Amino acid sequence: MVEPIAAAARDTGVEVYHAESSGRELRVQVESQSGASVRACSEFSHALTTRLDAADFLHRQYTLEVSTPGIERRLYRPQDYAKALNQHVKLLVRDGWVEGRLEAAGPNGVTLRMQDAMQNAKGKMQNAESPETAGREVAYSEIREAHIRVPDCELFARGTGRGQGLKESENQMMYSNPRILDPSNPAERK
């Protein structure tokens with residue numbers, strides 16, 4: 001399966017960020033230097049489908065999903081962390097979720113500059129020692145899941161620049177949830 005994906009990426013000028021297969025489903029995330037567009041995803045999907053069909057992939061029908069990694073992309077490999085240096089990240093580790101600025105990414109782990117508060121697995125807020133505590137080193141083997149995290153104040157900043165730290169309105173908080181909301185559902189309007 002790796003060769004058809006690599007060949008389709010070479011032919012269409014995209015880089016494969018992540019690929020995974022589950023049963024009859026194949027999910028591939030692609031990006032490019034100029035930013036992967038809908039057109040780039042479509043061209044890659046067509047090129048890959050042609051190759052998979054020729055190779056009789058899974059010997060019957062399959063589902064192919066091609067997308068970009070997105071703004072709050074998941075981090076999988078050490079090189080993904082290296083590309084995310086100085087960005088805000090959220091990691092799920094043994095003691096819960098931690099957030100901070102990614103200071104370093106080496107061959108064995110990362111160093112985070114922690115924020116003024118950390119949220120543990122039970123959802124309780126724990127105060128840190130100072131607004132920016134010392135770096136916390138985390139081995140890759142301890143990380144269960146990791147994402148780039150764009151703070152809501154940057155996503156919903158008004159004015160000329162990003163991240164002006166304006167207080168979010170109730171509407172902005174409602175739509176900052178990463179899942180898709182149905183505004184016609186009264187339960188999701190709260």
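In which hand does H1 pass H2 at their crossing? I start my notes with that one and come back to it below.

**Ground rules.** I'm looking at a predicted model, where local features need pLDDT of at least 70, side-chain atom pairs count only at pLDDT 80 or more, and totals for chains, interfaces and linings use all residues. Residues are numbered from 1 along each chain as its sequence is written, and side-chain values use heavy atoms, with hydrogens and water left out.

**Whole chain.** I looked up the elements and found five helices and 10 strands in the protein chain. Helices (H or I, at least four residues) and strands (E, at least two) are DSSP runs, numbered from the N terminus. Of the 190 residues, 28% count as buried, meaning under 20% relative accessible area with a 1.4 Å probe, protein chains only. The chain exposes about 12,200 Å², and carbon and sulfur atoms supply 48% of that; the areas come from the Shrake-Rupley method with a 1.4 Å probe. I also checked contacts (heavy atoms within 4.5 Å). Among those with a separation of 6 or more, 49% are between residues 24 or more positions apart.

**H1 and H2.** Back to my opening question: H1 passes H2 in a right-handed crossing, which is the case when the near helix is turned clockwise from the far one by less than a right angle. On the H1 side I noted Pro-4, Ile-5, Ala-7, Ala-8, Ala-9, Asp-11 and Thr-12 in the contact, and on the H2 side Glu-43, Phe-44, Ala-47, Leu-48, Arg-51 and Leu-52. The axes of H1 (residues 2–12) and H2 (residues 38–54) come within 9 Å and cross at roughly 140°. That angle makes H1 oblique to H2. Axes here are lines fitted to C-alpha atoms, for helices over the stretch in contact, with angles from 0 to 180 degrees between N-to-C directions. Oblique is what remains after under 35 degrees (roughly parallel), over 145 (roughly antiparallel) and 65 to 115 (roughly perpendicular).

**The E1–E2 hairpin.** E1 (residues 15–22) and E2 (residues 25–31) run antiparallel, joined by seven bridges. I found Ala-19 opposite Val-28 in E2. Two residues lie between the strands, and Gly-23 takes a positive phi near 60°.

**The five-stranded sheet.** I traced an open sheet in the order E9-E6-E5-E4-E10, with antiparallel pairing; two strands pair if DSSP finds at least two bridges between them. E9 (135–139) and E10 (145–148) are the edge strands, each pairing on one side only. On average, neighbouring strands are turned by 40° against each other, direction ignored. I then looked at E6 (residues 109–114), which pairs with E9 over five bridges, and there Arg-113 has Gly-135 of E9 as its bridge partner.

Conventions: Buried < 20%, exposed > 50% of the residue type's maximum accessible area, 1.4 Å probe, protein only.
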